[in-house]
Every structure is written in structure tokens, then in C-alpha cells.
Amino acid sequence: MVAVSSTLLFIAFVAYLVATFLFGGAVKSSSSEATKSFERWGKLAISVTIIGFISNLGYFITRWIAAGHAPVSNLFEFTTAFGMMVVGAFILIYFIYRIPALGLFALPIAVLIIAYASMFPRDITPLIPALKSYWLTIHVITAALGESILAISAVAGLIWLLKNIDLTKKSKQRFWIEAVMYVCVLVLGFVAATTTFSLADYKAEYNYVNKEEKVLKMEYHMPAIFGMNESTAITENAMTPLVEMPALVNAKKLTVVTWSVLFGTVLYILLRLILRKRIAAVLQPFAKKANSQFMDEIGYRSVLIGFPVFTLGALIFAMIWAHEAWSRFWGWDPKEVWALITWLFYAVFLHLRLTKGWHGEKSAWLALIGFIIIMFNLVAVNLIIAGLHSYA
Amino acid sequence: MDKIVCTCGNVNPAGTELCESCGRPLNQETKEKKLVDMRYEGSARRSQTYNKTIIDKIWNFFSSVKVGMWIIVSILVAAAIGTILPQVFYVPATTEADIAAYYERIYGTFGKLYYELGLSDLYSSWWFQTLIGMLGISLVIASLDRVIPLYKSLKKQQTKRHISFLKRQRIYGIGEIEASNESIDKAEEKLKTMRYKVKRDGNAILAERGRFSRWGPYVNHTGLIIFLLGVMLRAIPGFYVDETMWLREGETLYIPKTDGYFLESKEFTYETYSKEESSEVFGEAIDRVGSIAKNYQTDVALYKGADDAVAGKPDELEFVKDSSIQVNKPLKFDNFSVFQMDFRLDELKAMKFQLQDKETQESFGDFTIDLSDPQPIYELQNGYKVEILDYYADFTGFEEGVPQSKSPLPNNPAFLVKMYSPEFPKGETSFVMIKETLEPLGENKHKIAFQSVETRDVSGLTIRKDLTLPILMLGGLIFMIGVAQGSYWNHRRIWIQRLEDGQVVIAAHTNKNWLSIMKDIDAVSVVANLPKYEDQQDLDSKAEKGEGV
């Protein structure tokens, strides 16, 4: 069952990659409006996406059966489910608006998310007491669904910006849109770095002194650029860390981040050298085909659809469960706070749009920032800020 | 201020921008605009009309969405700052001094600063609470300022609108069409089948649907206000209880703040997943992580005593029920819930000793000290006895010759004892600790030899009563209804009119999803002859015409 599950996830992953290119074809041929070729590409692309999505659902269900609980209990499972739901949300929006450009940008983001997820331990973990509740299923799935629908608005915003920012002139917008591209490449860098060192089977153990002044062991899976506080190597011939960090800093995670940035930056420079253009400029022709008005409306509509779902899953169900499990419905745990921040942010988004007329560009940037907040809550709050939710 | 009388005869409240009845612009500024601002139907909002008294000024301040947004952004930023370092309630220290020291020791200068600025307890700071309060006021005022005039003008709107109103709509078209009267009839029929409420007034049609979505924002704001009020109710005595208790196996204790309820711990269980017993798929994870917790459980019996019974163990305890408290499965009674929150394994319960001759190790009898209730004297056979002079539950060492105990918890018990025997009727003094024995008053013949211990587990329980929960649930429910109402439905209106000169006008407005309303109009155009319309705001599609989408 577990093997079947993994295979299905892999099939979904490949299908999304293929569908991305098919959507690219659909966008390219869309200049000849409503031609047969456009219809063919578009139909093929969405079919492959749906096949991938069904396979992805198959992964989810088989893993659920194998584990005996909803596969949303650790970082790998949650992030994968999130990626899957982004595709689901895209399919939903696609059938309302039928815009291939959306698929061209939404699918690679889903692929990146799933690839990122796969870098974390993939084994099926039994549930710790705090997670043993049917609210795990209800709360986490609803919250992820809400976040994934909100993510579509960022995709629409990204397309809007790629289309409308003048990349021939120097501007703040040109800088920041390229920064977004660079960050996407960094995620790829993380995947590349993790895969490289894990293929090389790199392992090194160190002893270190933690902030409570206890001696503990830490296993690195990447060459230690940064060493833990007062670390000494246990593994023979382990690399001596270049810089030793104070006890407050988790040097292992810092090392992972640094390697990811290094790999990502090298990758980015290579891409720039090969393409001889900004990445945004490479993508711009694809975005140019999209109608700004449509993109703006999709961005707004996905926030409208996603916001109530997010509220229900990430705040209301969360509070009900928190009251059952932790005796209080709200405890200012970092993950809770960041869910509240996400909610407040989208509330501001909606108000600015409705009453201050923040359409088009401003709305698009806000949608992107909203996605960054969601990703911050998913990645940084789990990995950096320790709290009750750090189950990874 | 005076009321405004429109050319059509309708009397509008002062400050109205668009006549409630026919839609004519009522002031110069509105007349000059190419498109009218339809957000509140051009109705007279108090905040836009009066600005004289202090009450006007406060009202205007809080009714502003801009101000509201600044309040939310401030809360958002403050909330984020509060997650940089753990808040005080997650820090393993209780006294102010310990907490301050903790922040400095663990997080250095930044931690010290964070603590001194009060950021370590940010969410209960006066200014954060003030921001939340301001948000509440803003919600009330901003909603009232808008919903009442909006309601009035939507109620008063007439089917026939003035051309000056129609041509300032975002979707607008005008033209001569053949068989215009027939077309209007057909359009009316078609719109009815599309679940529009259609009103007809001569040559004019007003088709409207989903008006109730306009109330969504005000409904969800009401929900939020109820929620915030619910949170405030906590401050009223009796509404909210948050207590903790440590309950040892075998112990029966009064449950704090209840009306005479007592809880007995029968057993505490801590389980981890073992590779043998759990499902095969978990093997890898158990290997990788080591031990994974499976269950924390306290088996308890609940008793009820007299309502005012608090301490000790009253005689008349009435058994209520047995229960197993687990994480996610609290014990519930009356309005209280008892949660499994913490535990300590193997706390010392009793220690068994033997009085011996130091050299021959001959035994003169065993005795067991119950660490929660040490007896002053333990009588042994043949005139031997042991007197406990002093008991140090959590012995940490001597200070100036005086033994110290850190806490009343039996973490490291030590005893000052006197051993009586026929040979030493005045007794020999000994200081007994777990691993060694001191003889402070000179060499003894006898000793107290440690035999064994009994341990028991301690459950950390939280006792909670929260009578505000139903109010919070109600607030949440109303919020969800409102937000769904406002998000998943749209208020669409389509006006079709045949003017006196024979031209037909079509205009439409929706609060969102403009593409959908255009699809609706296109569907009507299939059966009825309608003039071509355009989206007067979509510059992009004008530019892109011919280029294709």
C-alpha cells in the first residue's frame, strides 16, 4: 500500500510537469483565437492535469488507508496535501474561466511545493497524543484547502504583474518581480542541495552544547558550514565547521539554508547565462497573452472563495480543536498567531479592494504578499520559531 | 442641514449623492464624474455629512475604512513581533526576576531588550488590548455608518432610473434597435428564467438578484462584534476558570473553583509506540525518531462533596463517575472540563528502611515512611524505635550547617532521625539521605539502611470553565454566515429602458464578478435585441480588441 501510494505521488508529479508544458503550448497557440490547435492543446493540458490530480488523490487515499489517519500529520504530508490542493483549486478556477496561462504558472508552483515537501522525512509516523482526534482531519484539510485557493490569487497576481510590468526599464517593480523569480529558484536550490547530498549519503555527527548547557548530539546531512555551539566532531574525517554559531542559533538549519542559497544562486546565474534575459522576461511573453481584467478578477475571486474556507479551517475549527486538546481555544502559539496574521492580511486586502479601489497592480502585489505570509507560516514558523505546532 | 429635493420629486436626506429614487446625481462633483461610485448607492452617510461636534469627529474617525485598516495593520505587525521570541507563558520560569534572567541568559541583549520593552507579554499589554478595543469600535461604527443608508436607498430605488444615472454605470450601452418593445418583453421573460427578480415600469425593467449578499459584510461584522464581546465577558467573575492541579496516584483532591467536586487518581499511564505492537508501516519512523509518545492517560474517579467542601477529604463523598482523561478527551462535568496537560513519572511515594547494627548488619526491624505523611515515631520490635526529627523533601545541601529543602516535593528526601535501642535509650542521631548517611553527633553503633522505594506518577491537570464559549460559537457562526453570504453571492442589477426618443439603454451593476454579469447580459441578448454594451472601465480589452484574448 505504501509503495503504491509513493508511486501514485510520483505519477502525479510527472503529470503536473508534463501538463505545464502542454499549457505552455496552449498559451503559445492562443494568439490565433479559438483555433483548433489552441483547443487541442488546452484540452490535452487540462486532461493531463486531471489525470495527475486523480493520481495525487490516489496517493492521499492509499496513504490514509495505510496509516489509519489522514496523511496531514507531518511536514511532508501536510505540504504535499497543500500542493495537491493548489492543483485542485486551479482545476476549479480553470473550469470557471478557462485560461491556460493560469495552468502554466499554477502547476510549476504546485510541482515546487511537492518537490519541497519530498525533502522532509517521508515515513509514515504514528500519531502523538495531541494529534489523535478527528479534528486533525477536519482542521488541517480545511485550512490547507483555504490556503490553496488563496494561493491561486497569487498565481493570478503573478501573471498580472508579469504581463504589465515594463521589463525594459529599470524600476522597483522590475526588481521585485525578478526577486520573486529568484526565490522560486532558491526553492529549487534547496531541492537540488538536499538531493545531491542525500545521493552522496553524506552524514556527519557532532556533539554540541545547547543553550541550557547540556551536551547533545546533532547529525548533519550537509557539510557543516556552520557549527553548533562548541561542537566537536564524532564522525571521523568530518569537516570542521567554517564558523561556529552561538547556542541560540540552530547551525544545522542555517547550514541547510546556506547550501540552498548557494545551489539556488548558482542555478540562477546559470539560467541567466543560458537565457541571456531576466527570468521574468523569459516568462513575460506567456503572460502577455492573458487579459489583465480576467487575471484581476480571478485574483479577487479566489480570495473571495478561499477566505471563508480559510477562516473556517484555520481559525474556527482550529479554535474548537485547541479547546479540546490544549484546554483553551486560543493560546498565542506562533502558528496560531500567523494564521491570524494571514486572516487579517486578507481582510485588509478585501477592504482595500472594496473601498479604496485597490485593483490591478496593487491588488496583484498584495496577493503575492499574502502567499508569502502563507508560505512563511508553513515553512519558517515550523522550522525556525518552535511552538506547539512543530511536528516535523 | 436641509434635505435635498430631486427633480423627480423624491426628498433625499442631506448628503445624498445620487437620488434614492431615480438615481440623478445631486451635486456638482458627482455630475462631473464619468462613472458613479455605487459602493453605498450614493447614499447619505453620517460620516460624510456631519463634522461639527466632538461626537461627529469621533464617529468620522472610526467610520473610516482607512483608519480601520491602519488598526488592523497595527495589530498584524504587533502580533508578528510577539512571535519573534516565546511569550512569557511558554517560558519555564515563574517569578519576574527568573523570567527576566531567562530572557537575558537564553537570548542575550536582544532578549533583555525584548523583555524590558514588554514584548515578552505583548498580547496582554494595555496597548495591544486597546488596539483590539479600537478595532471593535471601528467595526460597530463603520458598519452602522454604511448599512442604514444603504438599506434605505436599496429599498427606495425605482425601476425607472434617470439616464444620467444609467450612463454613469460601468456597463452601459445605448442604441436604436428594431422591435424594441417586443425585445424588452423578451428580456423580461428571459431574466425571470435566470432567477432575477424583475420589476417592470412601462418601458423600464429592473432585474435584480442576490441583494442579500450586500448585507454579508454587516452580518460578518456583527459576528465579529459578538465574538469580541464574548471575549470581554471572561473578565466577569464566574464566567471563566483556569486552574491547574497536580494529582498523585491514589490521591483524592478537591478540584479548585468547583462546588465541592473531588478527583481521585487511580492510575496514570504513559505509553510509547513499540515496533512490535504497532502497525508495520510505522516501523521506519519509530526507528528514525526513537520513541514516539502514544498515550497520556489518567484514570480517575469523580466525587461530589458538600458544595462548600474544599480541603481535606470530607467523609461524605458521593461517587459521581469513573473516567479516563486523555489528551483530546477531557473529563466533563457541570460546566467544567479537566484536561490531561502534563505528568511526572515515578515520583517517590514511600521509602522502606531497616534499622541495623552497622558492623554485623543484624536487623532490628523494617519500617516504611510515607513521604507525603511521615510519622513522628516508628516503633520496632524489642524496644527499638526510630524517631523522625525533621524531614527535608527536596534536600539540596547544607547552608551554614542547616539542611535546606528546595520544595515540598519528594525529589530528594532526607531525614534527621534518632535511633533508640536498649543499649542507647537516649538515642543516636543520624542524618539519612538516599545514598549516604551522616553522623553529626559522633560515631553510631546503629544505622538506617535503605531498602527500597515505592513510586507513583503524578498527573498535571488543567481545570477549565468557560461560559463564554457559546457566545464565541455564536459569533463565529454569524461571521461565517455573513462572510459566505458576501463572498459566494453577488448583487446584480440590470436596467433596460426604452427612452422617449426610441433608443434603448442597457446598464448593469454588480458588486463583484463583472465577467459573470456580462455573461448574463449576453445570454439575454441571444433571445432579445439589445444594444451593444461596453465595460467602461476595462481599458485592457479595448486595447486588446483585434489582438484576441
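A quick word on the ground rules. Residues are numbered from 1 along each chain as its sequence is written, and chains are lettered from A, with ligands numbered from 1, in the order in which they are written. Because the model is predicted, local features need pLDDT of at least 70 and side-chain atom pairs count only at pLDDT 80 or more, while totals for chains, interfaces and linings use all residues; side-chain values use heavy atoms, with hydrogens and water left out.

Let's start with chain B. Its domains are domain 1 (1-42), domain 2 (45-153), domain 3 (165-210 + 490-534), domain 4 (240-344 + 460-474) and domain 5 (347-455), with bounds from an automatic or database domain assignment. Taken over C-alpha atoms, the centres of domain 4 and domain 5 of chain B are 35 Å apart.

Next, the cores. A nonpolar core here is a set of buried Ala, Val, Leu, Ile, Met, Phe, Trp, Tyr and Cys residues joined through side-chain atoms within 4.5 Å. Buried means under 20% relative accessible area, exposed means over 50%, and partly exposed is in between, using a 1.4 Å probe and protein chains only. The largest nonpolar core has 191 residues, and Phe90(A), Leu102(A), Ile494(B) and Ile496(B) touch the most other members. Helix α9(A) gives the most to this core, with 18 residues. Helices are DSSP runs of H or I, at least four residues, and strands are runs of E, at least two, numbered from the N terminus. Apart from that core lies another of 18 residues, among them Phe353(B) and Val417(B).

What does Ile494(B) contact, leaving aside neighbours within four places in sequence? Its partners include Leu191(B), Tyr196(B), Ile506(B) and Ile521(B), where contact means heavy atoms within 4.5 Å.

Back to helix α9 of chain A, where we find Val309(A). Val309(A) counts as buried because its relative accessible area is 15%. Not counting residues up to four places away in sequence, Val309(A) touches Thr142(A), Leu145(A), Gly146(A) and Ile149(A), and also Tyr488(B) from chain B.

Ile72(B), in helix α4 (residues 65-81) of chain B, is another buried residue, at 7% relative accessibility. Beyond its neighbours within four places in sequence, Ile72(B) contacts Leu344(A), Val348(A) and Leu135(B).

On a 1 Å grid over the protein atoms alone, a cavity is a set of points where a 1.4 Å probe fits but cannot get out, and lining residues have an atom within 4 Å of a point. How many cavities of 30 Å³ or more does a search of the whole structure find? There are 4. Helices α5 (134-164), α9 (292-326) and α11 (360-383) of chain A each supply at least two lining residues.

Most residues other than glycine have a negative phi. Asp201(A), however, has a positive phi of about 55 degrees; Asp201(A) sits in the loop between α6 (172-199) and β1 (204-209) of chain A and is exposed, at 55% relative accessibility. Arg276(A) has a positive phi of about 60 degrees, lies in the loop between α7 (251-275) and α8 (279-288) of chain A, and is exposed at 72%.

Methods:
On a 1 Å grid over the protein atoms alone, a cavity is a set of points where a 1.4 Å probe fits but cannot get out, and a pocket is an open set with protein on both sides within 12 Å along at least five of seven lines; lining residues have an atom within 4 Å of a point. Grid points are joined across faces, edges and corners, and a volume is the space filled by probe spheres set on the points.
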